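Could you walk me through this structure, with a look at what holds its parts together?

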Amino acid sequence: MPKTAGIYIHIPFCERKCTYCNFNTTDFDSPLSADYVQAVLAEIVHTGERLSLDSHKLAADTIFFGGGTPSIITAEQIRSLICACNDSFNIAADSEVTIEINPGTLEPGKLRDWKSAGINRASVGVQSFRDDELVKLSRTHSASQARATVAALRNAGFNNISLDLIAGLPEQSLEDWRLNLDEALRIRPEHLSLYLLEIKEGTQLFAQIKRNQRARPDDDLAGDMYTMICEAAGEAGYEQYEISNFALRTVEPSESPFRSKHNLKYWTGAPFYGMGCGAHSYNGRSRWVNIAKTENYIEAVMTTGRGIAEQHDLSNEDNAAEALFMGLRLNEGISLDAFSADYGVSVIETYGPELERLSESGLVEIEPGRLKLTHRGRLLSNEVFVTFV
Ligand code: SF4
């Protein structure tokens, strides 16, 4: 049965660049953001027309506003983008509609307006509950603004809130991280994304570490933090369903209803369509990415209706490899029978020697009918994934 699609809308604007960030962002500029929203609206309309078959609109059940900082644009702009999606696609009535929020970007009335526009899930970029850590990351908000944002969301009736935090910051001790983690768990959001810091080339942090201005985080300490995350979240009633993602259980031991439905599209090979500069799309047969630079994207879309920079058609082999390493991100791993049925190849026969090596290293486990990462495999997932690319 074909999987239902998700819609991603990229809002690239930020107040300033955080030191660790390698996302596609640009400094906030109100006139530019107005032009940008017009271009994304045009892309949504054009994409809806292109994907409609015999007047049947493409069915989708998630919309995700990611960034950048989607909460920086006006509630009216967010509403117009949701309305355009509803007009151009067949958006299910019970769709998950998420917005990423940076603390400090909420003006009075914004939450009420988002709710009435259809936003039903909020993902708050907390990153740390310590002001000294936030300053070092060049975040534009304080810990108290993050707490106030979560409280405001609750007061406005949001009952599906996710918090993002980063562990393994330079100079962060295990005790420092424990304080952050404990506060996040005390708030009891429905979902937690708890990432280990990755130092990406091209970021300010990468340069600072190279110049010895900041300490390089210790791998063993990061490993201890990851173990702490998984144990503490589990004890607090969260289901770890992906390497860095935890959803609050409502009924033990059933699957949590608060798993991110949109992000599951990426991990389960469902189609997704990205709108906006630098946004990625996948339809099961090919993958494409939009022009990254905001101004160039606007010009292309306003001229042609599309802003694609690159497109790649995928072979069955490409799809199989991708399904394998994306599926392994999930704690439940992949079903070996379903994989054979979908791609016509046996994982065990294709990757036998590699899987034996990974299993001997304690990185994967093969249960009857399933292949999964172990806890150690999740910590060292990049080592596993290079085997399949
Ligand atoms: S707010 Fe998010 S997207 Fe913007 S610079 Fe910081 S980490 Fe990057």
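Searching the whole structure turns up 18 salt bridges, where a salt bridge is a side-chain nitrogen of Lys or Arg within 4 Å of a carboxyl oxygen of Asp or Glu. Please keep in mind that this is a predicted model, in which local features need pLDDT of at least 70 and side-chain atom pairs count only at pLDDT 80 or more, while totals for chains, interfaces and linings use all residues. Residues are numbered from 1 along each chain as its sequence is written, and side-chain values use heavy atoms, with hydrogens and water left out.

One of the salt bridges joins the side chains of D61 and K265, at 2.6 Å from N to O. D61 sits in strand β4 (residues 59-67) and K265 in helix α9, so this pair ties together parts that lie 204 residues apart in sequence. Helices (H or I, at least four residues) and strands (E, at least two) are DSSP runs, numbered from the N terminus.

Now to the domains. The assignment, which comes from an automatic or database source, gives domain 1 (5-267) and domain 2 (316-388). Their centres, taken over C-alpha atoms, are separated by 28 Å. Where they touch, 14 residues of domain 1 are in contact with 13 residues of domain 2, contact meaning heavy atoms within 4.5 Å.

Together the two domains bury about 1100 Å², with 57% of it on carbon and sulfur atoms; buried area is the accessible area (1.4 Å probe) that two parts lose on being put together, summed over both. Y226, I243 and W267 supply 46% of the area that domain 1 buries against domain 2, more than any other three residues.

Charged groups take part too: the rule finds two salt bridges across this interface. On the domain 1 side, α8 (219-235), β9 (238-242) and α9 (261-267) each supply at least two of the residues that touch domain 2. The largest share, four residues, comes from α8.

Three strands form an open sheet in the order β15-β17-β16, with antiparallel pairing; two strands pair if DSSP finds at least two bridges between them. At the edges are β15 (334-335) and β16 (364-367), each pairing on one side only. β15 meets β17 (residues 370-373) in the antiparallel sense over two bridges, and here I334 stands opposite L371.
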